[in-house]
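Please keep the sequence and the model in view while reading.

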Amino acid sequence: MSYKLLIINPGSTSTKIAVYENEKEIFGETLRHSSEEIGMFKHISDQQNFRTQVILKILEENKIDIKGLDGVVARGGLLKPIVSGTYKVNKKMLMDLKKGVQGQHASNLGAIIANEIANSVNKPSFIVDPVVVDEMEEIARLSGIPELPRKSIFHALNQKAVAKRYAKEISKNYEDINVIVAHMGGGASIGAHKNGKIIDVNNCLDGDGPFSPERSGSVPIGDLVKLCFSGKYTSEEVLKKITGKGGFVAYLNTNDARVAEAAMLVGDQKAKLVHDAMGYQVSKDIGGAAAVLDGQVDAIILTGGMAYGKPMVNLIKEKVSFIAPVVVYPGEDEMLALAQGAIRVLKGEEAEKEYI
């Protein structure tokens with residue numbers, strides 16, 4: 001049986017959409033939103049109608065009838081910690097996304113928009129492996145301060161997708177391998193995958209781990225406390241330094257890794273230092289993940305937008321290839337992974353999970 005699905009993946013200044021027939025993409029578009037358009041809305045949830053109408057308009061222009069869909073699938077947002085899987089959108093999920101139980105992020109809009117469009121044609125809506133997938137072992141949660149436990153918030157969808165892709169390519173089950181996945185995009189997350197579970201990972205949403213184009217990474221704690229109480233910045237301004245204005249933005253005034261790489265290649269020494277420092281930090285965290293896996297690592301997977309950059313990939317390979325073979329899957333498999341998650345449920349191969 002063939003299944004036709006609309007896929008929705010909201011980002012801070014764009015909304016990626018695609019239409020799949022089973023696992024084949026038949027339409028795809030990235031809808032760009034200007035800072036002026038986004039700036040009109042005080043809260044992220046206020047963008048719902050604006051983004052929904054933009055999606056419906058582009059579908060209509062491309063003669064895609066939403067009445068012919070079998071379901072709508074979205075990137076999941078900042079919900080409560082949940083196990084990996086495909087979840088049907090329900091009232092509790094919508095309420096928690098609008099409220100922002102773990103914070104406000106553009107991904108919160110995914111399920112909200114998917115539910116609205118799916119309801120209009122009486123079809124189901126789903127999310128798959130949202131950023132709050134939590135499979136961490138208890139020992140990994142201790143931070144050193146009881147009030148500040150380590151959290152699992154990361155690129156769960158793409159990390160799971162590329163790990164399963166690698167397992168399939170070597171004719172093994174994901175549950176039977178150990179891999180380290182380094183997702184390098186606007187944020188960077190390094191996950192230790194052990195027998196089908198991500199047992200340790202950095203909370204890249206809050207800037208934990210390596211610095212990246214937009215995140216500060218883990219910074220000197222004492223100096224951060226002094227900065228917070230210096231009277232120079234509000235709490236919002238400090239948080240923005242960590243997430244949004246950290247990393248490449250802070251050092252090079254750009255969040256585009258391609259710009260940094262281009263500058264480095266024409267002799268900009270500062271750009272090279274910052275670029276290489278990120279690779280250095282990613283490599284350190286990969287080494288830490290190898291220790292978590294007791295050195296039993298089948299492969300190290302580099303993924304995300306920055307994995308297109310050969311200088312970054314080569315730098316990391318040089319530092320970590322002694323641990324395990326390095327496999328590169330540049331970009332993201334998120335849209336396909338969302339489609340696959342819903343198809344497994346619609347085919348009855350996997351039970352849908354309920355958000356409670």
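Helix 13 (residues 334-346) lies across strand 1 (4-10), strand 2 (14-21), strand 4, strand 5 and strand 6, and runs at about 135° to strand 1. Contact means heavy atoms within 4.5 Å; helices (H or I, at least four residues) and strands (E, at least two) are DSSP runs numbered from the N terminus. Angles, from 0 to 180 degrees, are taken between N-to-C directions of axes fitted to C-alpha atoms, for helices over the stretch in contact.

This is a predicted model, in which local features need pLDDT of at least 70 and side-chain atom pairs count only at pLDDT 80 or more, while totals for chains, interfaces and linings use all residues. Residues are numbered from 1 along each chain, and side-chain values use heavy atoms, without hydrogens and water.

The open sheet has 6 strands in the order 3-2-1-4-6-5, with mixed pairing, where a pair requires at least two bridges found by DSSP. Its edge strands, each pairing on one side only, are strand 3 (24-32) and strand 5 (86-88). Strand 4 (residues 71-75) runs parallel to strand 6 (residues 125-128), joined by 4 bridges.

I7 is found in strand 1, and V225 in helix 7 (residues 221-228). Their accessibility is tabulated with a 1.4 Å probe and protein chains only (buried under 20%, exposed over 50%, partly exposed in between).

| Residue | Relative accessible area | Class |
|---|---|---|
| I7 | 0% | buried |
| V225 | 45% | partly exposed |

Among the residues that I7 touches are V73, M335, L338 and A339.

Notes. Lists of a residue's contacts leave out its neighbours within four places in sequence.
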